[in-house]
Amino acid sequence: MKILRYPFREKDVRALRAGDEVSISGVLFTGRDKFHKAFADGCGVECDFRDAALYHCGPVVVRTGGGEWKVLAAGPTTSVRENPYEPAFIAASGVRVIIGKGGMDSRTLEALARCGAVYVQATGGAAALYAKAVKRVAGVMRLEEFGAAEACWRFEVEDFRGIVAMDSHGRSLFDTVRIGAKKALDRLF
Amino acid sequence: MRKKEIIETLAALVAETSSKLPDDVAGALRRAKRREEPGSPAAAVLATILGNCSLAAKNTTPLCQDTGTLTFFVSSSLRRIVTREAVEDAVALATERGALRRNCIDSVTGVSRDANSGGGFPVVHYTDDGFPAGEGDVALLLKGGGSENMSRQYSLPDETLGAGRDLDGVRRCVLDAAFKAQGFGCAPGILGVAVGGDRALGYETAKLQLLRPVGSRSPDRALAAMEKRLVEEINSLGIGPMGLGGRTTVLDVKIAGLSRLPASFFVTVAYMCWALRRRSVHIGGGRRAWK
């Protein structure tokens, strides 16, 4: 198990290899479709992503009786929809860790290598476990405009686990698996 | 039961379904974990899934944040008690309590329908299953969008797949669907397949197969053999849990045969993620019982 603690430094992130299991603690922002589009359109989402993590996630968040936010479910959403936006986001924001599911395309893989970042695969559907890793909701942006599932939440997480699926050295586990599966498929046809 | 009790019962059904995996699915996931190489990404993913399910069940919180399309199957004998209005009220109540995400968007305006109702949602089917009036079952299936996006329909013959209008053509379509889904639909998945029908009946029937318990085989011998063969062949592709490689790409494949027109031959594959959430409750004699 590799350990990452906020602020996530470039040299620590570059030391990670595809296939490593990683435990992440520190600042994590959620951002999915509306967030990426807004960022690309230049109507900036004002927060400091430098050396933090961005999580493709639409959580279930409720207000408790005391008026505090409580995260009930926070699993990953499919990342491919953000392919058009992610390379520019990585370059402009200084984010070090992208977390999601299903992987991203070669443009993102190239941006990870150029900027010193990794893509971590969270387990799809494991929403209760990831909600438990959220120790504090430190803020939310664009809640009214985007809705709770699409808003940019700032979470402080402890021992959030995933698998490095795309590293900063041009290696993607998804590509390896797809190539192997295609060969196996051809034998069955 | 009075109206208020019916709404409470249905809201409890939603919360139970959203937070607890059925035993057959959980059992299949535990067996899958034992098959994977210790220390592999596949084993880590399955351990995460199992840990997540225990936690969600213990706290009665959604086991996946995509609480999905809600499809209710109601005995027609309950039609006057379990009305569409009662179902919608229960869904709104369950949403307020955090059992469901606000997950229903007006496709034209882009505005969230915060009570999770309207524009066809939730889906309610009344089925004739022979119960006397006032007594019957309410079953609920929750299916998330990531897996729904991986469902496909083929029209045979399909030259690119070398798929003709026979069972081997069906086999090629299902293999292609599993390959194209990779880990995107949250593998290990459960595939519901319909052979024939018109396009709409194909999708409906394929989805209905997801109500069959994992491990059960079709009563049709040829289809049962094909189900078994496809489980083995898909798992030999090595896509694995969440597409990170491994021995378990599907937990099961279910196939149903339908009639078709001479001109059409559709093969429909409903991809269901590992989080196959289904549950039912029996209502009768003023009481309710979980099934």
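Contact here means heavy atoms within 4.5 Å. With that cut-off in hand, let's start at the interface of this predicted model: 36 residues of chain B touch 42 residues of chain A. The size of an interface is often given as the accessible area lost when the parts come together. For chain B and chain A that comes to about 3100 Å², with 69% of it on carbon and sulfur atoms. Looking at the chain B side, Gln65(B), Phe184(B) and Leu244(B) give up the most area to chain A, together 21% of what that side buries.

What about salt bridges? One to look at is Asp33(A) with Arg81(A), whose closest N and O atoms sit 2.7 Å apart. Asp33(A) belongs to helix α2 (residues 33–40) of chain A and Arg81(A) to the loop between β5 (69–73) and α3, so this pair ties together parts that are 48 residues apart in sequence.

The crossing is right-handed. On the α3(A) side the contact is made by Glu86(A), Pro87(A), Ile90(A) and Ala91(A), and on the α4(A) side by Arg107(A), Thr108(A), Ala111(A), Leu112(A), Arg114(A) and Cys115(A). Sorted by class, that contact has six nonpolar, one polar and three charged residues.

Key
Residues are numbered from 1 along each chain as its sequence is written. Chains are lettered from A and ligands numbered from 1 in the order in which they are written. This is a predicted model: local features need pLDDT of at least 70, side-chain atom pairs count only at pLDDT 80 or more; totals for chains, interfaces and linings use all residues. Side-chain values use heavy atoms; hydrogens and water are left out. A crossing is left-handed if the near helix is turned anticlockwise from the far one by less than a right angle, and right-handed if clockwise. Helices (H or I, at least four residues) and strands (E, at least two) are DSSP runs, numbered from the N terminus. Ala, Val, Leu, Ile, Met, Phe, Trp, Tyr, Cys and Pro count as nonpolar, Asp, Glu, Lys and Arg as charged, and the others, Gly among them, as polar. Buried area is the accessible area (1.4 Å probe) that two parts lose on being put together, summed over both. A salt bridge is a side-chain nitrogen of Lys or Arg within 4 Å of a carboxyl oxygen of Asp or Glu.
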